[in-house]
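The sequence and the model come before the entries.

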Amino acid sequence: MADGALGAGMSPTDPGAPAVELVGISKQFPGVLANDDVHLAVRRGEVHCLLGENGAGKSTLISILSGMQRPDSGTILIDGEPARIRSPRDALKMGIGTVYQHSTLIPALSVLENLMLGESRRIVLDRGRARARMAEIAKMLGVEVDPDARTGDLALGRQQQVEIISALWKGSRVLVLDEPTSMLTPQGVEELEKVLVQLKQQGTAIIFITHKLHEALAVSDRITILRRGRAIGELSSEEIRSSTPEQNRATIVRLMFGDATDIGDAPELQTRIEDVEDLGARRLTIAAGDEEEPILELKSVSAPGDGLEPGIVDVSMKVRAGQILGVAGIDGNGQRALAETIAGQRRARTGSVELFGTPVNRLGVSARQKLGLRYVTDDRLGEGIVRNLSVSINLLLKRIGEQPFWRRGRIDARKVNAAALELVAEYDIRTPGIATRAGTLSGGNIQKLLLARELSLGPKVVVFNKPTYGLDLRTTENVREVIRRLTAEGAGAVLISTDLDELLELAGEIVVLSRGRLVGTVQNGRDAAERIGALMIGDGDSPGAVA
Amino acid sequence: MTAVLAAASGLFTQSFVTALIAGGVLASIPLMFTAVGEAISERSGVLNIGLEGMMLVGAYTGFLGAYEAHSMWVGFLTGALGGGVAAALMVVLSVRMGLDQIVIGIAITLAGEGITSVLQQAQFGGAYPRLPAYPQVAIPGLDSIPILGKSLFDQPLVVYFGLGLVAAVAWMFSRTRWGLELRAAGEKPEALDAAGVSVLNTRSYATLATGALAGVGGAYLSVIAAGTFTPFMTQGQGYMAIVIAMLARGRPVWVAVASFVFGISLSLSTALQLTGINISADVINMLPFAAIMLALVIFARSAYLPPALAVPYVRGAR
């Protein structure tokens with residue numbers, strides 16, 4: 001489009017003029033320059049993608065635009081006019097709606113109540129008007145949601161639609177989507193893309209944040225790449241349209257890593273490039289013969305849930321030595337119950353859990369550990385570490401009281417520290433020292449600490465629950481490497497993950513967990529993603545489907 | 001054995017039941033005011049352990065107001081103010097500064113007990129001046145229903161206010177912006193913040209309302225029920241109110257029902273002593289607390305607490 005090419009120089013009425021423009025935004029946090037003189041112009045009817053890894057400054061930039069944070073310097077222009085955005089309310093009033101990465105819906109309230117929250121200053125709620133407004137926006141998006149449903153009961157894709165409706169409540173000038181696909185099935189992503197097309201036709205400017213390159217290329221008209229707080233490159237809509245996906249990918253890689261003096265250490269670059277390459281190329285095929293005895297087997301195991309989180313029902317699975325068994329499923333479909341039942345933290349109600357052919361139902365956590373079973377929890381801060389204890393004690397947490405670290409009830413600090421130093425070096429845990437409080441480490445280093453503790457004692461079967469959730473690319477790659485190495489050395493692994501790409505990269509066989517049941521098994525290979533997605537949706541209640 | 005049975009059958013005379021229900025209603029009113037208040041702050045995410053202290057402050061200031069102005073209405077007003085001032089301390093320290101709600105709550109209770117005792121002693125010496133009895137208001141027609149009429153519909157005016165308050169708060173929760181914002185502040189404060197409503201303000205107002213209502217509850221004890229202020233006169237009713245609000249899952253109508261049940265158990269102590277049954281007064285006085293424990297054992301599993309209860313809100317904190 002010619003308008004787009006002429007860009008910001010046109011008059012404010014020009015449909016190609018930026019709906020929102022960030023000029024010279026900087027934001028300093030203690031120790032981190034989160035945004036460094038960032039410029040960003042987003043036009044009407046365009047999907048503008050912000051691409052960058054965790055910590056690149058995407059979320060900070062967005063929280064500035066949505067009024068959650070204030071910039072140290074820089075201005076925000078709305079339709080060419082300087083705007084003061086001092087609170088989320090200001091942003092909403094100006095028609096800037098944000099769908100955050102972590103749901104801001106309140107599960108205990110109805111859909112309509114969620115939408116009415118903060119909507120007006122009137123004391124008595126006007127349900128009729130809210131209903132009408134909701135119907136209006138839903139029609140525009142081409143979606144259908146029951147306004148009286150309890151929000152927590154809706155499928156995640158459907159909840160996201162509610163969030164989009166909520167973001168557009170006060171107007172649809174700009175819609176910000178922060179990592180919107182992280183919780184969706186492939187089918188849910190498709191539905192989201194349809195909604196985006198509808199919105200583009202309405203002239204909404206859309207900011208789409210992601211760290212996945214293929215996603216950025218699939219949906220965006222324009223891509224800005226952020227790195228270490230700076231906008232280091234932009235790919236215009238013309239460039240994207242006139243090139244093949246491969247060329248675009250190459251351009252982005254060049255933009256991200258082109259300046260050789262700015263790259264830093266080489267291994268880092270290596271993993272980053274790997275990540276932006278097509279993941280399919282590195283799938284691991286596991287040659288585990290069926291005749292081999294499983295080292296971990298679940299036979300029709302059922303276990304209770306916990307609060308809102310479902311339990312598991314009639315789950316059967318087998319893990320053989322050297323095999324990674326993937327467990328796919330949308331978060332909250334019984335993953336934790338499954339992991340804890342295997343680990344021994346939760347009792348199976350029926351069925352049997354067998355290690356090396358022996359039922360271990362009656363054994364507790366430590367007895368199962370002695371048999372070689374380990375569990376790397378997803379609740380790293382909660383049950384993973386003791387925040388206020390040192391890194392060294394956390395590393396040896398499971399050996400308290402054991403020789404040679406404890407003698408006659410007294411701790412041998414020298415032995416503990418020596419062992420801890422060894423593990424810190426082996427697993428590359430970045431910590432100021434082994435006496436540092438474990439809670440002060442970054443998420444990635446806490447995960448490395450957990451891996452070091454759980455994997456240091458010759459494990460034979462390991463259950464990983466969302467092992468790379470929330471970690472930066474580099475640590476993610478490290479963790480995946482640890483899992484690969486572990487199984488290459490002959491241990492078995494159960495990899496529970498909500499990241500489909502991760503499962504496709506690591507696991508040979510993937511089972512799908514839906515509402516606590518195993519609804520199918522998929523051999524990794526062509527179309528695996530689609531087949532898993534179809535199974536995840538399960539009983540026809542398709543999240544994001546147009547009813 | 002037969003003596004006990006005879007006593008039991010002789011117990012439930014019409015006048016006994018009337019007195020029991022009437023006493024239950026009277027005893028339940030301070031619990032109801034206070035527990036409805038606690039329901040408001042609990043729903044907004046503030047666990048108000050200081051309720052006992054706020055009640056006591058309200059009882060004292062309420063008594064002073066009624067005593068000096070010769071009006072029970074002034075008494076309720078000053079009671080509400082006293083409770084509100086005590087709650088303001090909680091607002092500043094716990095809601096605004098994010099200090100631990102339980103520690104601050106305990107501090108407020110201890111301070112309330114101490115300060116009111118000292119002030120009462122300083123002001124009246126060893127004397128406990130009494131207030132006049134205030135008139136009861138009978139609802140024409142309804143008060144002539146056998147048994148229930150006299151007990152339910154011939155009460156001090158403030159009793160009817162209390163019932164009206166329950167309905168008003170229930171309506172507020174479900175039909176108004178304030179109610180929605182309160183619930184959001186307790187369920188998921190970051191969502192309320194993202195929607196552009198101040199979590200701290202919402203919680204502050206809720207806490208102040210709680211303090212004022214606890215103050216009214218306390219003032220009821222001193223002005224209506226006892227007619228005087230004695231140190232420590234709340235006798236754990238503030239804690240009972242916390243339990244009631246939790247068991248009622250923050251729903252005002254259930255708060256009223258639960259308050260009445262505990263009110264009955266409180267008045268049963270008095271009623272049993274009046275009938276002259278030979279049970280030790282100490283045992284009878286334990287009844288309300290036994291009832292609380294029983295209720296907790298039976299219903300505590302189904303008690304619903306908002307996820308963000310007692311968690312200070314700091315924007316951007318994970």
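**Entry 1: a cis peptide bond.** I began with Pro404(A), which sits in the loop between helix H15 (391-395) and strand E17 (406-407) of chain A; helices (H or I, at least four residues) and strands (E, at least two) are DSSP runs numbered from the N terminus. The peptide bond that leads from Gln403(A) into Pro404(A) is cis, with omega near -5°.

**Entry 2: ground rules.** Before going further I noted that this is a predicted model, in which local features need pLDDT of at least 70 and side-chain atom pairs count only at pLDDT 80 or more, while totals for chains, interfaces and linings use all residues. Residues are numbered from 1 along each chain as its sequence is written, and chains are lettered from A and ligands numbered from 1 in the order in which they are written.

**Entry 3: domains of chain A.** I looked up the domain assignment, whose bounds come from an automatic or database source, and found domain 1 (2-105 + 172-242), domain 2 (284-372 + 459-547) and domain 3 (383-457) in chain A. The C-alpha centres of domain 1 and domain 3 of chain A are 41 Å apart.

**Entry 4: the four-stranded sheet.** In what order do the four strands of the open sheet E2-E1-E4-E5 pair, and is the pairing parallel or antiparallel? I read the order in chain A as E2-E1-E4-E5, with antiparallel pairing, where two strands count as paired if DSSP finds at least two bridges between them. Strand E2 (32-43) and strand E5 (81-83) of chain A are the edge strands, each pairing on one side only. From one strand to the next the twist averages 25°; axes here are lines fitted to C-alpha atoms, for helices over the stretch in contact, and angles run from 0 to 180 degrees between N-to-C directions.

I then went through the pairs. E1(A) and E2(A) pair in the antiparallel sense over eight bridges, and Ile25(A) stands opposite Val38(A) in E2(A). These two strands form a hairpin with two residues between them, and Gly31(A) in the turn has a positive phi of about 85°. Asp37(A), which is found in strand E2 of chain A, has a positive phi of about 55° although it is not a glycine. Strand E4 (residues 73-78) of chain A is joined to E5(A) by three bridges in the antiparallel sense, with Ile76(A) opposite Ala83(A).

**Entry 5: the six-stranded sheet.** A second look at chain A gave an open sheet of six strands in the order E16-E19-E20-E13-E21-E22, with mixed pairing. Why is one side of strand E16 (373-376) and of strand E22 (517-523) of chain A left without a neighbour in the sheet? Both stand at the edges, each with a single partner strand, so one side of each has no neighbour there. The twist in this sheet averages 20° from one strand to the next.

Strand E21 (residues 509-514) of chain A pairs with E22(A) in the antiparallel sense over six bridges. Val511(A) has Thr521(A) as its bridge partner in E22(A), and Glu509(A) has Gln523(A). In the hairpin of these strands, E21(A) and E22(A), which has two residues between the strands, Arg515(A) takes a positive phi near 50°.

Helix H17 (residues 443-455) of chain A lies across E16 and strand E19 (461-465) of chain A, and runs at about 175° to E16(A); contact means that C-beta atoms, placed from the backbone, lie within 7 Å.

**Entry 6: where the chains meet.** I found that the contact takes 19 residues from chain A and 18 residues from chain B. On the side of chain A that touches chain B, helix H3 (88-93) and helix H4 (111-116) of chain A are the elements that give two or more residues. H3(A) supplies the largest share of that side, three residues.

**Entry 7: a helix of chain B.** Helix H4 (residues 72-96) of chain B has 25 residues and reaches 34 Å from its first C-alpha to its last, close to the 36 Å expected at 1.5 Å a residue, the expected span being 1.5 Å times one less than the number of residues. Just after H4(B), Gly98(B) takes a positive phi of about 75°.

Technical notes
Two residues are in contact if their C-beta atoms, placed from the backbone, lie within 7 Å.
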